[in-house]
Amino acid sequence: MDETAPWTTTIRAHRVAVLALPGVPPFELGIPSRVFGSVQDADGRPLYEVTVCTADGAPVLSDAGFVVQPAAGPEALAAADTVVVPPTHAMPELEDGGPLPPEVAAAIAGIRPGTRLVSICTGSYVLAAAGLLDGRPATTHWNLAPQFRRAYPGVKLDEEVLFVDDGDVLTSAGVAAGVDLCLHMIRRDHGAAAANRAARMCVVPPWRDGGQAQFIDRPVPEPTLASTTETRAWALEHLGEPLTLGRLAEHARMSLRSFTRRFRDEVGMTPVQWLTAQRLELAKQLLETTDLPIDLVAHRAGIGSGNSLRAHMRTAFGVSPAAYRRAFGASDPVGAAEGA
């Protein structure tokens, strides 16, 4: 882990400023406080300090009809390590590429260079209007993608993913994808174990990969139809075993064709893609929390050999298992000789 990056400091709690704009939805506004506020170190000290602020320090009216009283004004943005912008339903001019209100533009201009910038759902419009997404990959709610493209053609929009991590600028899709993005940032900052603890405290799934598709026009399965839910739960307990598509379908008591179709409808990816993602997540947890040799990590995660794990991790994360362990986990006396 890069100790020089502002979001990995161990000297003090990481400062997160959440910018509440007029028309902010309460759910999205509360996501950073709830998720980041669940993270503590081994001694029970909070690892994040979350402050809700407004562009001018004045209260704003939420889209639920009640007033949000901020704890701070734009000075919180200037002092933050991470700035989170939830959506707003009261700035229709942004939908056509119009300018930010002067006080909002001034507040965003006061953010220090190098600060990590995050948007939840249509908070991406605010970052785009400020010119902070020009030439960069980003996402937003899938339903607004055509409108967003017309308003901000310079943004490399991908509306089919849950979130996009472009280093110091991160954007998420609609509503609950903001939870996924916050957990992703915790995992990036402090590792999978910390993110999993936060997810457990919030009673949400610990991991949905950013590349997982948004649930676009997918009907909820009829209750009379078979579901893959129990089979997915069973597979998570048997990741180290050979799990063929036939074995999964047999467990679900479905034909291969029905199982594959139902799985994709419910999860947004194929069974093979999902299994690979879950096994990589297990491998990362083992690398973080154990000193097991790389080959044994690969075996326990169901990935096969150390070479296979290296190839998968370089493709998915751009790092080798040894490099990941050096950054996030325990020492590796056996695997340390592996090249990064």
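Which hand, left or right, does the crossing of α8 and α9 have? The crossing of these two helices is right-handed, a term for a near helix turned clockwise from the far one by less than a right angle. The structure is a predicted model, in which local features need pLDDT of at least 70, side-chain atom pairs count only at pLDDT 80 or more, and totals for chains, interfaces and linings use all residues. Residues are numbered from 1 along each chain as its sequence is written, and side-chain values use heavy atoms, with hydrogens and water left out.

The protein contains 14 helices and ten strands, taken as DSSP runs numbered from the N terminus (helices H or I, at least four residues; strands E, at least two). Of its 340 residues, 49% are buried, that is, under 20% relative accessible area with a 1.4 Å probe, protein chains only.

Helix α8 (residues 229-236) packs against helix α9 (residues 245-252) at an angle of about 130°, and their axes are 9 Å apart. The axes are lines fitted to C-alpha atoms over the stretch in contact, and angles run from 0 to 180 degrees between N-to-C directions. Helix α8 is therefore oblique to α9, since angles under 35 degrees count as roughly parallel, over 145 as roughly antiparallel, 65 to 115 as roughly perpendicular and the rest as oblique. Glu230, Thr231, Trp234 and Ala235 of α8 are in contact with Arg247, Leu248, His251 and Ala252 of α9, contact meaning heavy atoms within 4.5 Å.

Arg45 is located in the loop between α1 (26-36) and β2 (48-53). Beyond its neighbours within four places in sequence, Arg45 contacts Val39 and Gln40.

Conventions. Buried < 20%, exposed > 50% of the residue type's maximum accessible area, 1.4 Å probe, protein only.
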